[in-house]
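User: I have a structure open and would like to go through parts of it with you. Could we take it piece by piece?
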Amino acid sequence: MKPSFRSNWKKAQLKIAQLHNKAANIRKDTLHKLTTYLAKNHSQIVIEDLNVSGMMAEPKLAKAVGDMGFYEFRRQLEYKCKLYGSELIIVDRWFPSSKTCSRCGQVKESLLLSERVFNCEHCNFSCDCSATLARTRFECSIKFSYGGQFAPQR
């Protein structure tokens with residue numbers, strides 16, 4: 001006797017559900033391993049407070065942002081940093097780290113997304129935008145750690 005269409009459909013749905021479950025478990029495992037590694041091996045971790053709900057409102061980004069699990073990443077980092085004695089610094093989402101010169105601390109009035117090189121008019125410092133952003137966030141973490149004012153090294 002041939003299996004009915006409905007039973008074949010149920011078998012296919014079960015296989016799809018098992019694959020989705022397997023992918024979800026791989027994501028969870030990777031997230032746990034990454035957050036544990038960071039908390040154990042770094043005394044200070046700096047992350048940015050992101051506007052995830054705003055990113056989810058963008059239709060082209062929503063699926064990718066949803067798959068990332070930003071909230072779960074932050075939640076795990078918070079409790080694992082306490083567990084392993086690391087310091088977690090959360091930089092405010094409105095802090096102008098990409099517009100701030102990593103050498104002199106001067107904040108640039110406007111910086112277009114298309115600009116890939118940061119040029120400071122105050123001290124004539126020039127650098128890749130990504131490197132400027134990373135340096136500025138590092139300096140910001142020092143500020144929050146020691147309670148001092150933002151004063152980049154020269």
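User: Which exposed residues does the face of H4 turned away from its buried side carry?
Analyst: In this predicted model, that face of H4 carries the exposed residues Tyr71 and Lys82.

User: And which residues of H4 are buried?
Analyst: The buried residues in H4 are Phe73, Gln76, Leu77, Lys80 and Cys81. They lie on the same side of H4 because they cover an arc of only 130° around the axis.

User: Why do residues three or four places apart point the same way in an α-helix?
Analyst: The reason is that an α-helix has 3.6 residues a turn.

User: What do the buried residues of H4 pack against?
Analyst: Their packing partners are H1, E1 and E2.

User: How many residues does H4 have, and what distance does it reach from its first C-alpha to its last?
Analyst: H4 comprises 15 residues and reaches 21 Å between those two atoms, close to the 21 Å expected at 1.5 Å a residue.

User: Which residues make up the largest nonpolar core?
Analyst: That core has eight residues: Leu31, Leu38, Ala39, Ile45, Ile47, Phe73, Leu77 and Cys81. Helix H1 (5-41), strand E1 (44-48) and helix H4 (70-84) are the elements that give two or more residues to this core.

User: What does Leu77 touch, leaving out residues up to four places away in sequence?
Analyst: Leu77 touches Thr35, Leu38, Ile45, Ile47 and Leu88.

User: What happens just after H4?
Analyst: Gly85 takes a positive phi of about 80° there. Ser86 is placed in the loop between H4 and strand E2 (87-91).

User: Is Ser86 buried or exposed?
Analyst: Ser86 counts as buried, because its relative accessibility is 13%, under the 20% limit.

User: Which residues does Ser86 touch, again without those up to four places away?
Analyst: Ser86 touches Ala39, His42, Ser43 and Cys81. With His42 there is also a polar contact: a polar atom of the Ser86 side chain lies 2.8 Å from the backbone oxygen of His42.

User: Changing topic, where does His122 lie?
Analyst: His122 is found in the loop between strand E3 (117-119) and strand E4 (126-128).

User: Buried or exposed, and why?
Analyst: His122 counts as exposed because its relative accessibility is 56%, over the 50% limit.

User: What is His122 in contact with, beyond its neighbours within four places in sequence?
Analyst: His122 is in contact with Cys104 and Gln106. The C-alpha atoms of His122 and Gln106 are separated by 7.0 Å, and the two residues are 16 residues apart along the chain.

Notes. Residues numbered from 1 in each chain as written. Predicted model: local features only at pLDDT ≥ 70, side-chain atom pairs only at ≥ 80, totals over all residues. Heavy atoms only, no water. Helix = DSSP H or I, 4+ residues; strand = E, 2+ residues; numbered from the N terminus. Buried < 20%, exposed > 50% of the residue type's maximum accessible area, 1.4 Å probe, protein only. Contact = heavy atoms within 4.5 Å. Core = buried A, V, L, I, M, F, W, Y, C linked by side-chain atoms within 4.5 Å. Polar contact = N/O pair within 3.5 Å; in protein donor to acceptor, adjacent residues only side chain to side chain. Expected span 1.5 Å × (residues − 1). Arc of directions from axis to C-beta.
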